[in-house]
Amino acid sequence: MNITSLLFISHVCIIAAQPVLIPEDAWHIQSGARIEQTGETLSMPGAAINGWYAVTVPKTVLAGLVDNGVYPDPYYGLNLKSVPGYQDGLWLVQKEDSPFRDPWWYRVEFDLPANTDKRIYTLHFDGLNYEANIWLNGNKIADRREVIGMFRRFEFPVTEFLNFGGKNALAVEIIPPGLLPKLEYKTKQVEATTGWDDHNPQPPDMNMGLWRPVYLREQGAVSIRHPYVESELDVPGLERARLTVSAWLRNNTTEKVACTFSGVIEDRVFAQPVTLDPGEMREVFFRPERFDMLIVNNPRVWWPHPVGPQEMYALKTEVEVDGMVSDTAGADFGIREITTYISKDDWRGYQVNGRNILVRGGAWMTIDMLLNLDEDLYDALVRHAREANLNMLRSEGFSVRELAPFYNACDRYGVMVTQQIFGRNIPDEPLAIACIEDMMLRIRNHPSLAHFLGHDETFPTETLDAAYRELIEKHRVKRSYQPHSGTFNIATRAKTGGTRTGTRELWTYAGPAHYHFVEKRKYDTAWGFAQSGGIGGILAARDSIREMMPESALWPVKNNETWSFHTVLQGTEYFDAVFKMMERKYGAPTDFDDFCDKLYAMNYNSARGMYEAYARHKYEALGITTWKYNAAWPAALTWQYVDWYKRASAAYYGAKKACTPLHALYGYNDNSIHVTNSYYHPRNDMKLTYAVYDIHASKVSEKTVAVSVEADASVQVATIQPPEDISDTWFLKLELRDNANEVLSNNVYWLSHTPDVPGRSGNVDGVFTVEPQSVADFTALQSLPEVALDISISDGVGPDEKTYVVDIANPSQHIAFMVETALVNPETGFEIAPTYWSDNFLILFPGESRALTAITPATTTKPQLRVQGFNIESR
């Protein structure tokens, strides 16, 4: 007999318990160097706090001071350098005279109603940096010796210390990271705190403060923590899933407690009696062997985009004591099966719901240098990935272990996540393990979580490696793990876990052909799996660059302190090879806009070539998470595809073009033409037209062929021989259509009689160099006649966000090259961010027209359409 047939839920609904929020906007901060009161005094209601700074929490100390106007906007120009305690380069130890070496106090007062039901209250800190002494109503409830580590949540029972029906005061003394001996540290990370590697400047306060929410939670005699749903899905048929539901129950009393623990997943209701000893905390399970309603036939399955829908379920749990609800908790989850495997060539590959999947994505950075972790920014960045059909983000391990807003967005948009555990080994290994255990409990419900990486380009110690594996097993996280992200030498891949990292060349410059030359240089092309790599320096949107620095700093770029500050820590010199290759291929830029136009063309071309090479060579090529996807502050030239302002780069649109699910592409190494299919069903109803044009827009040749491609496959459909008598720079247009003549993929290449062929790389006087075997010559593009386009924009449609249709036509007799479109806020003069374009950086032949869609947040005024580009008359 099924025991749950005798049990039922008597309540109309079960909802997750809501925390009793301490007001976010009632906090104040002050340096410990400026106050004489003790924690006991400061935590008494009514304590004098004259001269303190009002802040919202979550907020780091520096972010709070910036909000109060103490320091100018640190994201603009060179302002960050003026903040006391600032240091150039990569550093781990605070300066002796830094105001952030001292402890800083956070203080808040709040009212509570009477506790007539004798409920039990717990105080929660979801993230603080780095150590803390915590005082409540004159009582010290926690000490810095136990409250340490940025990547942990802390919970304290505080019922006896609260003033019910009156005013309360909470005071938190934050002791910063970076109070280390002055030594030569041969590592990038020594504490369980944020580190930014060479991605952006280190904030002078090292992100000290209350960086995640602080709240009270009320419950009865028994609490629920860490609800979890494990799914075991039948693959590849997907006809049945077996769910195991669990949660930790804690007896908050000194007496034995009998309770009923129950749960609901849609119309599936289950419950069981539980008895807990005094103070006991126990994990309680509902297993499908006993609770047959947890066997789900024909489940709705979660898939990464674009191969399927992102189906989600909601678990709601409740614990009842003596007929009264003691606590509730919930969790969203998805039913899916993501596994990895090691190929015959010792590379790691991914499978989703029993099917292979080619990974094309990028490395994810914490979204903000000062940890202003705005949910809209999370949403925009992850949505941009989905819009481009990028299916994985690798969350790097130097800054924060990512949070619910990130994972929720990835669940929602169908973007898989590889979570790196730490950047480097830290001396306090028990602290590292405590941080990682908390992370695993936080994120394990998310269907987007696919895989764990141990450390970045290094191995964990034997102790840490064993602990990571044990935690995955202990908490049944059911994700694969590898200890090391990969080295520069692909011969080590079997030892590190089946992946490689990038190379100095790929982090600096790689041309569009680079990844296609698999047979000649497997070590850094589209073969196997690359956790890093890329195309080198990527230029941000031009409006973003104008927002981050004064107009006077825009040009020239070289030997420019502001530009160097807004690149990587090494400065613009790091990307010297990018500048030289741009000048060699496209000609020396004459001003800021010409610089943008030429580097955008180069970035678009390289990003498209990289991602297309992986699609063309699947499944010898298993995937890449390029370095990197986003940036934590306004970077003009770094590795980002979407910038801090939520604007997509030209490289992003090249990647988006390459990741079109049904797509025609050109193979640079052998002049082949391929059609790739990302879907799990074959297509036999397509035709491909490929045409060659000279630089004067004259069509030299055109041919149409029928195309069939198997499910999740790539097929070569043609080979094209470059015409000998054509202009040195010429164009190849590929257009893939279905049998209803609908366009599935359109793709235009600009090519040269001198092909791009990668060669050697090196270092001259500390400056990295590349020496290709040959370099395409596109300098003739500078002589393209200016083109005036016909453009129009519809009225926006939609309440919360607006969808616009933009029509663009080329009425001229010339090629319109790299047509860049933007919807501009007329009040600021800058492009609205985010804007999700169906396509951008177009190439239009004479008489050709395109209809684009653009989605923006709703604005009070209609945006203006701006069109510009390589040879485009600005409108």
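1. Leaving aside its neighbours within four places in sequence, which residues is R250 in contact with? In this predicted model, the residues are T122, E155, A221, V222, S223, R225, L276, E280 and M281. With E155 there is also a polar contact, side chain to side chain, at 2.7 Å.

2. R250 belongs to strand β15, residues 240-251. Its relative accessible area is 16%; buried means under 20%, so R250 counts as buried.

3. The second largest pocket has a volume of about 400 Å³. Its lining is made up of 18 residues, and K656, K657, T660, S838 and D839 are those nearest the centre. By type, the lining splits into 6 nonpolar, 6 polar and 6 charged residues.

4. Four elements each give at least two residues to the lining of this pocket: α3 (375-387), α13 (650-658), β40 (743-752) and β48 (849-857). The largest share, 4 residues, is that of β40.

5. The count of aromatic pairs is 46. One of them, Y586 with F778, is tilted, with 5.4 Å from centre to centre and 40 degrees between the planes. Y586 lies in helix α11 (residues 576-586) and F778 in the loop between β42 (767-771) and β43 (790-793), so that the pair links parts of the chain 192 residues apart. Both residues are buried.

6. Y668 and Y749 have ring centres 6.1 Å apart and planes at 75 degrees, which makes the pair edge-to-face. Here the loop between β34 (662-667) and β35 (672-677), which holds Y668, is linked to strand β40, which holds Y749; the two residues are 81 residues apart. Y668 and Y749 are buried.

7. One aromatic cluster includes Y586 and F778, along with Y604, Y693, F731, W750, F817, F845 and F870.

Definitions and conventions
Residues numbered from 1 in each chain as written. Predicted model: local features only at pLDDT ≥ 70, side-chain atom pairs only at ≥ 80, totals over all residues. Heavy atoms only, no water. Buried < 20%, exposed > 50% of the residue type's maximum accessible area, 1.4 Å probe, protein only. Polar contact = N/O pair within 3.5 Å; in protein donor to acceptor, adjacent residues only side chain to side chain. Contact = heavy atoms within 4.5 Å. 1 Å grid on protein atoms, 1.4 Å probe; cavity = no way out; pocket = protein on both sides within 12 Å on 5 of 7 lines; lining within 4 Å. Points joined across faces, edges and corners; volume = space filled by probe spheres on them. Nonpolar A, V, L, I, M, F, W, Y, C, P; charged D, E, K, R; others polar. Phe/Tyr/Trp six-rings, centres within 6.5 Å; stacked < 30°, edge-to-face > 60°.
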